[in-house]
Amino acid sequence: MLKFPRSTGEDRRIAASIERRRQLEEERKKRIFNPRFRKIGIDKEFLDRQVEEKRQQREEERAKECQLDENLVRSSKIALQLEKEQAEEKRRINEEIVEFRRLHQRREDRRDYDLYDPDALRTSLPCRVGDDDPRLGLASAQKFGGEDHNFREQDRTRKEEMRWWVEKQMKEREAAEKERKDAEKAYQEAVVSRDERAVELEKLERECRRRLNEATASFNRALAEEQEHRRLCEAAQDEEDKKAEIYNHVTGDFLTEAPEQAESSRGPKKPLATRYKGMTADQLKVFRDQQAQQMEEIQKMKSNEKRINEEWYRLMNAHAETAEAYQRELDRKKTELNKKIAEENLRLAEQQKSYQEYLNRVVYKNKPSPEYFSQFNKGTR
């Protein structure tokens, strides 16, 4: 019976490593021999996984944010409710404190209330009710000799005097009020009379202004009539001056074209341009003779120029014929050269063909089979 050695942990780790490398190699082959991945040059599945992971991460973050927002809203509502309950509890406690103070902590129930009681003078007894008051002792200092026992009568008299004085003041005040009203009435009457006087003065002022405007309008009319008369006189005088100026111009030396009025102090050949009216008959004859002479000279120049142009055209035609003959000769030589080149190319093609047949028949007679090429491109390394 055959006995195989037991596999150790190191053998299993090596085998697992080999298997892992084989799987990685197979995955690498799938990526490298796939034309799509090879042209793109990236691991699309890995990128897709990254995109999916990022999308899931964004969704998780969005879900967390939504949950946080909901928790924040819930917490805000709870805080508002607690704050409202706390305010209500505080208000209730304050009301209870106020009610307790009103029922059980009144000012009248304090021990020292008699020290600051506002009604103490009205409710308490006076220090001395009379001479026989039993509360008066030897050290009370409330009963003295020489006291006025007619205090009540004197007080009544003083009150009557005070009443008479008040009535007198009221009468004086009524008299002063009557005087004030009479003064106000007199002031109002004076104001009314002043307003009536102002209205009368305003009427007088309007009447004066109306008369002044009428006088001004009449003065303006008279002034306008005087100006119109002056304008008519000036227009008539201007018309007379224009007629006299026209007559002077018509009968003057300028329009009659007198040659003497164009003479200048600089010489007979430099007349005044502003008064010059043209040349005389002798001057025109001399000018026309010079024009005819200039026309003959111009005609001679044109005939000479025409003759020179005809000679130039004949020379250019001769040069063009010579250039055309030279171009035809160049074309003929170029055609012969192209023919020789074509024959040489045919000869070289035949020579290359025979040499290629020799290589295929003698040198490269052992051609590689498809099995030779199929052994390449099998691995990724």
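A residue is called partly exposed when its relative accessible area lies between the limits for buried, under 20%, and exposed, over 50%. In this predicted model, Glu88 falls into that middle class, with a relative accessible area of 42%.

The protein chain comprises 7 helices and 0 strands, and of its 381 residues 4% count as buried.

Glu88 is joined through its side chain to Arg91 in a salt bridge of 2.2 Å, N to O, and the two residues, which stand 3 residues apart in helix α3, are separated by about one helical turn. Arg91 is likewise partly exposed, at 39% relative accessible area.

| Pair | N to O distance |
|---|---|
| Glu88 and Arg91 | 2.2 Å |
| Arg211 and Glu207 | 3.3 Å |
| Glu226 and Arg230 | 3.2 Å |

Arg211 and Glu207 both lie in helix α5, residues 151-250, at a spacing of 4 residues, about one turn of the helix; Arg211 counts as exposed at 55% relative accessibility, whereas Glu207 is partly exposed at 29%. Glu226 and Arg230 are also 4 residues apart in helix α5, and Glu226 is partly exposed at 45%, as is Arg230 at 39%. Salt bridges with shared partners link Glu207, Arg210, Arg211 and Glu214 into one network.

The structure holds 0 disulfides; Cys208 counts as exposed at 52% relative accessibility, and Cys233 as partly exposed at 42%.

Key:
Residues are numbered from 1 along each chain as its sequence is written. This is a predicted model: local features need pLDDT of at least 70, side-chain atom pairs count only at pLDDT 80 or more; totals for chains, interfaces and linings use all residues. Side-chain values use heavy atoms; hydrogens and water are left out. A disulfide is a pair of cysteine sulfur atoms within 2.5 Å. Buried means under 20% relative accessible area, exposed over 50%, partly exposed in between (1.4 Å probe, protein chains only). A salt bridge is a side-chain nitrogen of Lys or Arg within 4 Å of a carboxyl oxygen of Asp or Glu.
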